[in-house]
Amino acid sequence: MNRSTTILTVTSVAVGGILAYAVYFDYKRRTDANFRKQLRKEKKRVKQSQTPSESGQTASGGVDANDLRSALESVRNEEVPPGPEEKEQYFMKQVGMGEQLCAQGPVYHLPAAMCFYRALRVYPSPVELIVIYEKTVPPPVFQLVMELTNLDVKDRVEGYYTFFPPKAMNVAVETVNVPDGKGGTMSKKVLVVTKDFKAGEVIYQEDPIVAVLDADLQGKGTHCSYCLRQIQNDPIRPDSDRLHSVYCSSNCLTQHKAHSQTLLFTLESPLPAAMAPEMGGTLREERENAQKAFVEYLIQTKKAAPELVARFVARQVSAETAKMLPPGILPGVASEPVLTDGGEYSLYDHLERLRYLEVNPAEHETRVLKDVLQTALPGLEQFLTEDRHATFVGKMSYNSYGVYFGEGRKDKPETAARPENAEKTRTPCGTSKQIGTGFYAVSSYISHNCAPSAKPVFPTGTAQLQLVATCALQKGDEITVAYVDVSQHSGETVEEARRHRRMELVRGWRFACSCKRCADEGLEGEIEEGRDESRVEDVVTRAEGS
């Protein structure tokens, strides 16, 4: 793995932490004179520290691979300071120690590299720091820092599926070769069971990372805006909420505000009072106008993906902020859903590895969301580039499930969009029967089959998904679900039912189904080809070598 590949990968694995930690650094720059003075001092030192003799040095190894591995494990086993101020002090201390050790000669190169690497672990913008290191740190030490980084990134990438999904869910992710629709095959991640199941048994249950109500139900008071439960009694209506959300309980209100609602649809600060930037009348008005514009866009489009993306970004901020603050400052917040059996992975790590469709959101969509982020936490909008936003929308569109209760609703208004442009979700009774949409990290790995081996259901009356086996499964069998209604309705011929479900799959997920049922029900001699247009991000392909 070379330097450019390392930087690309470090960018992806660290981006989640940047969201919240950069907010803190921005806060310190604006409010702390001593901090600003120290930063200016460091920048001046950087410019003066590279001597002609250092520029002409050639990086050399000289460190045994086992020693390098031991050094990395040693650093990994050390506790990282929990709070932002502690991280700042830790960063400055490690950089200072690294500089002192560099001056003591080659024997101290590895200890010096370990110091610089410790600093890199807590810095909000690791790519920026790597560039600074390259210009200021002696080449042999910089090479060791990069080798430590390479090892760590390699372990994180290759070890991800060792930790994900949790073993208690009775499933694992495996790589298989599937038809690519062009006469060849392509590599794809699928979900398999890790033990035997009988038909009707629950394989696992999973809570959504984010979930949203259908547009026609939002604010009506019939369903909770957080858990999507049907409300039996008087709903809780917050005094200030741009989206007119309602809740079935005070707990749902608290969780929704902490995860995403406060940042996106209220004028309250998403940060604790001690860190929150001051908001004067003008800034308050700008934030209110930005939120109104975003809500108007959601009402106009009546699509779930833009809101899912916004709530995912907001939940990242909430989760990463909770990590860097002492316990109790953000009451009632589950810092992050537990999606692994160990390892240090963020919500972004889970999203990054998923397949997606290339889409082109309206330019206005990216802008209105960036305005919401910028007026809530200045600087946060820089995270949401146009390309990243398009990728996020593509991932939500490809992986989200429809939440439905029983046999599904029968009163959903028909969409005015053309059939090929209508939003679709993985809903076995059809998108028209859902009451909302949820994004689930583990269930996103399940492939479609017109004769599925499992079915997502919602027996708790909330967005919590339970996956139920529809046939006997043996350990190692692949789990499949129906993304669309695959039943043959009254009055339909086999050929008509087949054509209808396959058209829905092409419109929603851009692939021609090659399952056994489709093959058996096709006309004799019929040849159908259709390229699978889903893909994974380039950085994941390079890192995994797939």
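Colleague: By class, what residues does the lining of the second largest cavity have?

Modeller: Three nonpolar, four polar and two charged. Ala, Val, Leu, Ile, Met, Phe, Trp, Tyr, Cys and Pro count as nonpolar, Asp, Glu, Lys and Arg as charged, the others, Gly among them, as polar. This is a predicted model, where local features need pLDDT of at least 70 and side-chain atom pairs 80 or more, while totals for chains, interfaces and linings use all residues. Residues are numbered from 1 along each chain, and side-chain values use heavy atoms, without hydrogens and water.

Colleague: Which residues line the second largest cavity?

Modeller: Among them are Ala-305, Met-396, Glu-423 and Lys-424. A cavity is a set of points on a 1 Å grid over the protein atoms alone where a 1.4 Å probe fits but cannot get out; lining residues have an atom within 4 Å of a point.

Colleague: Switching topic. What does Arg-76 form a salt bridge with?

Modeller: Glu-73, with the closest N and O atoms 3.0 Å apart. A salt bridge puts a side-chain nitrogen of Lys or Arg within 4 Å of a carboxyl oxygen of Asp or Glu. Asp-152 also meets Arg-76 in a salt bridge, at 3.0 Å, N to O.

Colleague: Is Asp-152 buried or exposed?

Modeller: Buried, at 18% relative accessibility. Arg-76 is partly exposed at 25%. Buried means under 20% relative accessible area, exposed over 50%, partly exposed in between (1.4 Å probe, protein chains only).

Colleague: How many salt bridges does the structure hold?

Modeller: 23. One network links Asp-214, Asp-216, Arg-409, Asp-411 and Lys-412.

Terms used:
On a 1 Å grid over the protein atoms alone, a cavity is a set of points where a 1.4 Å probe fits but cannot get out, and a pocket is an open set with protein on both sides within 12 Å along at least five of seven lines; lining residues have an atom within 4 Å of a point.
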